[in-house]
Amino acid sequence: MSINLKVIILAAGQGKRMKSKVPKVLHKVLDKTMLDYVIDASLKAGAEDVCCVVGHKSMLVKKMIGDRVSYALQKEQLGTGHAVMQAESFIGEEGNVLVLCGDAPLIRPETITEVLDFHTEKKNDVTGVSFLKDDPTGYGRIIRNGSGEFCAIVEQKDADPSQLAVREVNSGVYVFRAEALKKALSALKNDNAQGEYYLTDTLELIKAAGGRAEVFEAEDEAEFLGVNSKKDLAVVTKALMKRINEKHMENGVTITDPNNTYIGQDVEIEADTIILPGTSIEGRTKIGTDCVIGPNTQIISSDIKDGVSIKMSVLINAAVDNYTTIGPFAYLRPGASIGEHVRIGDFVEIKNSNIDDGTKVSHLTYVGDSDVGKNVNFGCGTVTANYDGVHKYRTTIKDNAFIGCNTNLVAPVTIGENAVTAAGSTINNDVPAHALSIARKRQVNIDGWSKK
Ligand code: UD1
Ligand code: CA
C-alpha cells in the first residue's frame, strides 16, 4: 500500500561529543551504521522517498550509505531547523513529512506507523514524539500547561530550573504537514543559548499561528535513545542486543549468555540452534536448525544450513552445508563453499574454493582457488600454491583422492580420482586417476656422521 511518506533524516552534525574523526552517524551499533538503522526503519515503514541532510564529511557519509536515499547538503551546521531548511525542495507543497535524527538508531517501523496514524486521526499540523526519562539530561524538555496541553520544547541549555526538572523529553521525531513546516521554517530565529536554528521551535510557531501542535507520548524509552557520546553508543548497543537476542530466544534459539552474544538485526536463525558466548553474527547471515555456533566465533554474511557445528572460527561470505563441522580455529574466507558432512579442522584456511561432501581437511592446511571433490582426505599441512606473484590459478582434486601430509599443490594442477600423493611431495604436474605420485628426494642415511 502506498502511503506517500517522505522522510528527512538529520545527519549533518560532526558529533563533537563523540571525540572522533568519524562523523557521528557513521559510528556502528553492532554491524551497521546508526544512519543505516534509521533509513531501514523508514523504508520498512513504507517511506517512498528518504532524504538525508548531510554536512560534516558529507562525501564520506554518502559513500558509506550509498544511493538508496537522496541527499541535501547543509554546508554549515547552524542547527536542526537550519538542517531541515536545506531540504526545502524535498518537502514539496502537500502531504506529510516525517523528520528523524540520524543519531537515534533504535526507532521501530511499527512506532513510525503509530505516530503517523495519530497525526492523521488528530488532523495535526505537527506531531512531536516524547518519552519519559529518569535522567533527562541533554534532551529537550516538553513543556505543558496546567491542563496538560503542549506549549513548547525547551532545550537543556535554555531551560530554567523548573523546566530542567521535567522528565518528559523530546525524542527528535516529528511529523509535519508540509505547508505548516515550510511556513514555520521561514519564521525560525536563532536567539537562544546556542545561537542555532532549533527545529523544536517550529512546534511553538505552528501553534502560535493557530495550527494544531501535539506531542505523542511513546512508551518504550529504549527506542528513542540518542547517541551523543561513546558512553551513549554503548548504552544503545546493549539495548539493541537485548531487543534482537530476545526475538531469537522467543523464536526458539538458545543463547547461553545474551549479554555476550552479538547478533545483527538482519541475521536469521532457526529454532533449536545454540549460540555459545563470545559469538558475533553479522550482515545477512542465515543459520539453519540444530546448529551449535561458538564459543568465540565471528560469522559475517554467510549461509549456514542445518546441524552445523562452528567452534572458535571466523567465516566471511562463506556457505556451509548440512552436518559439517568447522574449527576450532578455522578461517573461511569469501567464496568458501563447503558441502555436507565435511570436516574443516584446526588452523585451516579456505578461500574461493568448493569442497564437496564428505571431504576432510583436518589440520594446518591452506586451500585457495580450488575445486575439491567428494570424500577427499587432506593430510596435515597441505598447501595449494595458487599465486605466482602475478596470476592466480586453480587446483582441482577429484573424488576420493588422498593428499599426503605436507603436500604442496602448485596450481594449475589436477589430482585425479582415487589418486594419492606421498607425504612431503611438491606436485606441479597433473596426477592421473588411481596413481601414486611421489615428488621428493630419496632419503640418504650417512652412517656414523655425528661421531665425527
Ligand atoms: C536534539 C533536539 C532535542 C532532542 C534530541 C533528541 C534540537 C534543537 N534539539 O538535541 O530537543 O531531545 O535531539 O535526541 O533539535 N544536525 C544536523 N545539522 C545541525 C545540527 C544537528 O544535521 O546543524 C543533526 C545531527 O547530525 C544529529 C541530529 O541532527 O543527527 C540531532 O542533533 P544534535 O546536535 O545531536 O541534537 P541534540 O542536542 O541531541
Ligand atoms: Ca542528539
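Mentor: A residue counts as buried when its relative accessible area is under 20% (1.4 Å probe, protein chains only). This is a predicted model, where local features need pLDDT of at least 70 and side-chain atom pairs 80 or more, while totals for chains, interfaces and linings use all residues. Residues are numbered from 1 along each chain as its sequence is written, chains are lettered from A and ligands numbered from 1 in written order, and side-chain values use heavy atoms, without hydrogens or water.

Trainee: Which residues of H8 are buried?

Mentor: Helices are DSSP runs of H or I with at least four residues, strands runs of E with at least two, numbered from the N terminus. In H8, Asp 201, Thr 202, Leu 203 and Ile 206 are buried. They pack against strands S7 (126–132), S9 (150–154), S10 and S11 (213–217), and against helix H7. Just after H8, Gly 210 has a positive phi of about 90 degrees.

Trainee: At what angle do H7 and H8 pack?

Mentor: Axes are fitted to C-alpha atoms over the stretch in contact, with angles from 0 to 180 degrees between N-to-C directions. Helix H7 (residues 178–186) and helix H8 (residues 201–208) pack at about 105 degrees, and their axes are 9 Å apart. H7 and H8 are therefore roughly perpendicular to each other (65 to 115 degrees).

Trainee: Which residues of H7 and H8 meet?

Mentor: Contact means heavy atoms within 4.5 Å. From H7, Ala 180, Ala 184 and Leu 185 meet Thr 202, Leu 205 and Ile 206 of H8. This contact of H7 with H8 has five nonpolar residues, one polar and no charged. Here Asp, Glu, Lys and Arg are charged, Ala, Val, Leu, Ile, Met, Phe, Trp, Tyr, Cys and Pro nonpolar, and the others, Gly among them, polar.

Trainee: What volume does the largest pocket have, and which residues lie nearest its centre?

Mentor: A pocket is an open set of points on a 1 Å grid (1.4 Å probe) with protein on both sides within 12 Å along at least five of seven lines, and lining residues have an atom within 4 Å of a point. The largest pocket has about 1500 Å³, the space filled by probe spheres on its joined points. Its lining has 46 residues, with Arg 17, Lys 24, Asp 103, Gly 138 and Asn 228 nearest the centre. Strands S1 (5–11) and S10 (168–177) and helices H3 (80–85) and H9 (230–250) each give two or more residues to this lining.

Trainee: Which element gives the most to the lining of the largest pocket?

Mentor: S10, with four residues. By type, the lining of the largest pocket holds 15 nonpolar, 21 polar and 10 charged residues.

Terms used. Parallel < 35°, antiparallel > 145°, perpendicular 65-115°, else oblique. Buried < 20%, exposed > 50% of the residue type's maximum accessible area, 1.4 Å probe, protein only.
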